[in-house]
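Have the model open and follow along.

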Amino acid sequence: MKWTHQFQFAGFYAALEQGYFREAGLDVRLLPGGPHIDPAQVVVGGGAEFGIGNSSLLINHAWGAPVVAVAAILQHSPFVLAAIPSLDEPKALAGRRLMLEAHSAELQAYLHLAGVDMTQVRLMPHSGDIRDLGHKVDAASAYSSDETYTLLTDKIGHQIFNPRSIGMDFYGDTLFTSARLAAENPDLVRAVREAVIKGWYHALEHPNQAMRLINDKYAPDIDPLKLRYEAEEIRRLMDADVVGIGYMNVKRWDGIAAAFQRAGLIATPVDLAAFLFDAETEPDLGWVYTVLAVGGVFVLVVATVAVQVVRLNRRLRREIEERRRLEQILTHQAMTDPLTGLCNRRHFILRANEELHRARRTGAPLAVLYLDVDHFKIINDKYGHGLGDQVLVTVARACRDALGGEDLLARMGGEEFAAVLPGLDKVAAQMTAERLRRCLGEVVTRSEDGRRITITISIGVATLADDDGDMLTVLDRADRALYQAKTLGRNGSYFI
């Protein structure tokens, strides 16, 4: 793998866990990577049979490394450049410190094509910690699915430069192997590709299961909120609802090679037939045109073209409608917690800040509740994650019923929920919190063996103060109030 364990490789974990590799007669072991590890060098050196690389595999191939691209997992590269706020354009990198990881050639190509003189940039090896931005480096290579979450949650001032802004839309994580293995055992390569694709479809259909697997087996220290953020971004980059997972287009690879050539990273044209495993080739239809020309069947040609135009228009209309539908689905997914159907944290904070500004304009009071399901870990450990998910869904439904449709409600992650209550002052907010707590105490969930499981919650309450600059400040106060409620014995509420 090209990085340490995270949702970026969820399809590979799923292929192992669901037995897709085993069913194909494969014994697979996953080797984590890191900022200083180039998977192409590992595979060429015999340290692994397969690797996960990016579009810089094309450069490896052009310079003689016997690597073969097998399947593009991400249709759009997550590589971006994170920079300090004062760098208003890539050209401003001259004389600045730039931290690049080992296999980020596409970012180098982007900077070159954006007019950056790389000889004037102070290149530094990537530490693997994006939090170095601002005090150790001025810019750094980053993944939009990973490091951007850290920048946001740690409130690190930054801006993002994306190669797609100048038309560089490269493939992302690409499964590859050695030219020798592809030539000697193509059936094995196809079996691995098929198992990986099946694993990714399973991971996308069951993201919560995939995240639990990662937390339980591969990366127990990863924040579940970060995993969910990454899962949403990876889904967007895969575009699997539009393009089949693993699909690669020869012409698109040709365009990537041309971009590398313009940037001076590839000296000669690339033999894509040797680089792409099972490369799709365009059929040669020259003989058709010759026959038509000789036959002089002009009317037939015109009729054929007319039919094709009609069909094309119909297909385009269908594709436009389908894309509109997919955009609506993706927009909904980007705003919604997939388990409970409530707002996710990111959309909640955006909407909550809108409510804060509205309260400032009108002078109306505003309150925030921060909720936590008591002893949720015990429920998970005793009855399993399936029942734990059922409890969270039940809590979400009960909160929605108790608070009504006017209030903004969200799952913040794990067993924590939050609500914004426009128009409520301290007294009204405390009364609402107590009413909600009592309502949840009356909710009963049953385990598979029929045992009754009662739910209690702890609630932190905060109201908008004159010096609150944004909603995160109010949420932080409500979170501290929640901690006090739990310290005082749980199943209660506390106001700060």
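Predicted model: local features only at pLDDT ≥ 70, side-chain atom pairs only at ≥ 80, totals over all residues.

## The antiparallel sheet

Let's start with β2 and β8 (residues 174–178), which pair in the antiparallel sense over five bridges. Pairing here takes at least two DSSP bridges between the strands, and the elements themselves are DSSP runs numbered from the N terminus: helices are H or I with at least four residues, strands E with at least two.

Residues are numbered from 1 along each chain as its sequence is written, and side-chain values use heavy atoms, with hydrogens and water left out.

Zooming out, the open sheet has three strands in the order β1-β8-β2, with antiparallel pairing. β1 (50–53) and β2 (67–72) are at the edges with a single partner strand each, so one side of each has no neighbour in the sheet. From one strand to the next, the twist averages 35°.

Axes are lines fitted to C-alpha atoms, for helices over the stretch in contact, and angles run from 0 to 180 degrees between N-to-C directions.

How far apart are the axes of α1 and α8 where they pack? The axes of helix α1 (residues 10–17) and α8 are 7 Å apart, at an angle of about 105°. The two helices are therefore roughly perpendicular, a label for angles of 65 to 115 degrees. On the α1 side the contact uses A10, G11, F12, A14 and A15, and on the α8 side A195, V196, G199, W200, H202 and A203. By class, that makes eight nonpolar, three polar and no charged residues. Ala, Val, Leu, Ile, Met, Phe, Trp, Tyr, Cys and Pro count as nonpolar, Asp, Glu, Lys and Arg as charged, and the others, Gly among them, as polar.

## The mixed sheet

Five strands make up another open sheet, ordered β10-β11-β9-β14-β15, and its pairing is mixed. The twist here averages 20° from one strand to the next.

Strand β14 (residues 457–463) pairs with β15 in the parallel sense over three bridges, and I459 stands opposite S493 in β15. Helix α18 (residues 426–441) lies across β9 (366–373), β11 (416–422), β14 and β15, running at about 165° to β14.

Conventions. Parallel < 35°, antiparallel > 145°, perpendicular 65-115°, else oblique. Contact = heavy atoms within 4.5 Å.
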